[in-house]
Amino acid sequence: MAWELLSEKFGEGGSSIDSGTITAKKYLHVNIFAVDGTAGNFQIQFNGSSNADYATRRSYDGGSWTNLGNQTKIISYSATSSKTSYLVLDIYNDATMQKTLIGHTIDVGTAGAGTSPNRAEYRGSWNDTSNAITGIQVLTNSGDGFTTEAYMQVFGTD
């Protein structure tokens, strides 16, 4: 099982990072580095779908789990200040089944050795049983969006 690079996007800026159209693969691995200038959520959509058929269960810094169902996006992290984040997603992508993912985020709100990074762990699903994931969008709900330092890599394998 060899991983293939399906998409690599660098320095787009704006309010989203979009993989563009990717080849459908059964397993996806996504690396996202994002710099967001203000507080807000990093949110993930597949194939541009904004239907309320996403669900997320997440935990911050090892705390209790929060269940977020019937959402229009998978919500990976929510911060109260600007942040630099690294997100890793592993996705099971069978067109005939609900898509499931495991995600991890490391978030640095304040740079420096005296400030430990925050972490978020989440499990998510996209309840589309008719289509494989052929596009991934990372969005921010903050006012100024991502800086041009943001990037996304999508790998896939069958």
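**Exercise 1. Confidence**

What pLDDT does the protein average, and what share of the residues score at least 70?

Solution. The model is predicted. Step one: take the mean, which is a pLDDT of 85 for the protein. Step two: apply the cut-off; 83% of the residues score at least 70. Step three: go through the elements. Confidence is lowest in strand β7 (residues 74–79), with a mean of 69, and highest in β12, where the mean is 95. Where pLDDT is low, the predicted coordinates should not be read in detail.

**Exercise 2. Secondary structure and contacts**

Determine how many helices and strands the protein has, and what share of its contacts join residues at least 24 apart.

Solution. Count the elements: twelve strands and zero helices.

**Exercise 3. Burial and core**

Find what share of the residues is buried, then describe the largest nonpolar core.

Solution. Of the 158 residues, 44% are buried. The accessible surface comes to about 7,300 Å², and carbon and sulfur atoms hold 47% of that area. The largest nonpolar core has 26 residues; Ile32, Phe46, Ile91 and Ile136 have the most contacts inside it. Two or more core residues come from each of β3 (27–36), β4 (40–46), β8 (83–92), β10 (118–126), β11 (136–140) and β12 (151–157). β3 gives the largest share, four residues.

Key
Residues are numbered from 1 along each chain as its sequence is written. This is a predicted model: local features need pLDDT of at least 70, side-chain atom pairs count only at pLDDT 80 or more; totals for chains, interfaces and linings use all residues. Side-chain values use heavy atoms; hydrogens and water are left out. Buried means under 20% relative accessible area, exposed over 50%, partly exposed in between (1.4 Å probe, protein chains only). Accessible areas come from the Shrake-Rupley method with a 1.4 Å probe; for residues, only the protein chains shown count as cover. A nonpolar core is a set of buried Ala, Val, Leu, Ile, Met, Phe, Trp, Tyr and Cys residues joined through side-chain atoms within 4.5 Å. pLDDT is the predictor's confidence in each residue, from 0 to 100.
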